Amino acid sequence: MNRNLDSAFEPIALSTNCDETGAIVRTLREAAYLLICAWPSGDGEEYVTAVKACVDAVNGDIGPDQFRAVLLRAAGEVGIAASSLPH
């Protein structure tokens, strides 16, 4: 099965009040790591939707840009500031 882990989308800079370093997410691989290993809360509705959308994007069922929009909603749900970065 072909996985699209390295599919890129418009980069997003993410930061929280408790995380001074933040994260820049450019690929599905980076997003998957963030969602599974570094997300501040694993029980929100938008978070669950983002995890499912990440799997769908990796499998090629939705585009990386569609996933990006879902990730932004999940960030908003837990108060993570997000901003677009130039390519």
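Is F9 buried or exposed? With a relative accessible area of 3%, F9 is buried; that word stands for under 20% relative accessible area, while exposed means over 50% and partly exposed anything in between (1.4 Å probe, protein chains only).

A word on the model comes next. Residues are numbered from 1 along each chain as its sequence is written, and side-chain values use heavy atoms, with hydrogens and water left out. The model is predicted, so local features need pLDDT of at least 70 and side-chain atom pairs count only at pLDDT 80 or more, whereas totals for chains, interfaces and linings use all residues. The pLDDT is the predictor's confidence in each residue, from 0 to 100. Its average over the protein chain is 87, and 90% of the residues score at least 70. Helices (H or I, at least four residues) and strands (E, at least two) are DSSP runs, numbered from the N terminus.

Back to F9, which turns up in the largest nonpolar core. Such a core is a set of buried Ala, Val, Leu, Ile, Met, Phe, Trp, Tyr and Cys residues joined through side-chain atoms within 4.5 Å. Two or more residues come from each of β1 (8-16), α1 (28-38), α2 and α3. The top contributor is α2, with six residues. In soluble globular proteins, nonpolar side chains tend to be buried together.

Aromatic rings of Phe, Tyr and Trp (its six-membered ring) pair if their centres lie within 6.5 Å; planes under 30 degrees apart count as stacked, over 60 as edge-to-face and the rest as tilted. There are two aromatic pairs by that rule. F9 and F67 make an edge-to-face pair, because their ring centres sit 6.0 Å apart and their planes are at 65 degrees. This pair links distant parts of the chain, with F9 in strand β1 and F67 in helix α3, 58 residues apart. F67 is buried too, at 0% relative accessibility.

F9 is also among the residues that T27 touches, along with L5, D6, S7 and A8, not counting residues up to four places away in sequence; contact here means heavy atoms within 4.5 Å. T27 belongs to strand β2 (residues 19-27) and is buried, at 15% relative accessible area. Its side chain reaches the backbone nitrogen of E30 at 3.1 Å. D6, in the segment before β1, is exposed at 55% relative accessibility. Apart from neighbours within four places in sequence, D6 is in contact with T27 and R29. D6 and V58 are 52 residues apart in sequence, yet their C-alpha atoms are 8.6 Å apart in space.

The structure also holds two salt bridges, each a side-chain nitrogen of Lys or Arg within 4 Å of a carboxyl oxygen of Asp or Glu. One joins the side chains of R26 and E30 at 3.8 Å, N to O. Both partners are partly exposed, R26 at 39% and E30 at 28%. The other pairs E46 with R73, their closest N and O atoms being 3.5 Å apart. E46 lies in helix α2 (residues 45-58) and R73 in helix α3 (residues 64-77), so this bridge ties together parts 27 residues apart in sequence. E46 is partly exposed at 23%, as is R73 at 43%.

Terms used
Polar contact = N/O pair within 3.5 Å; in protein donor to acceptor, adjacent residues only side chain to side chain.
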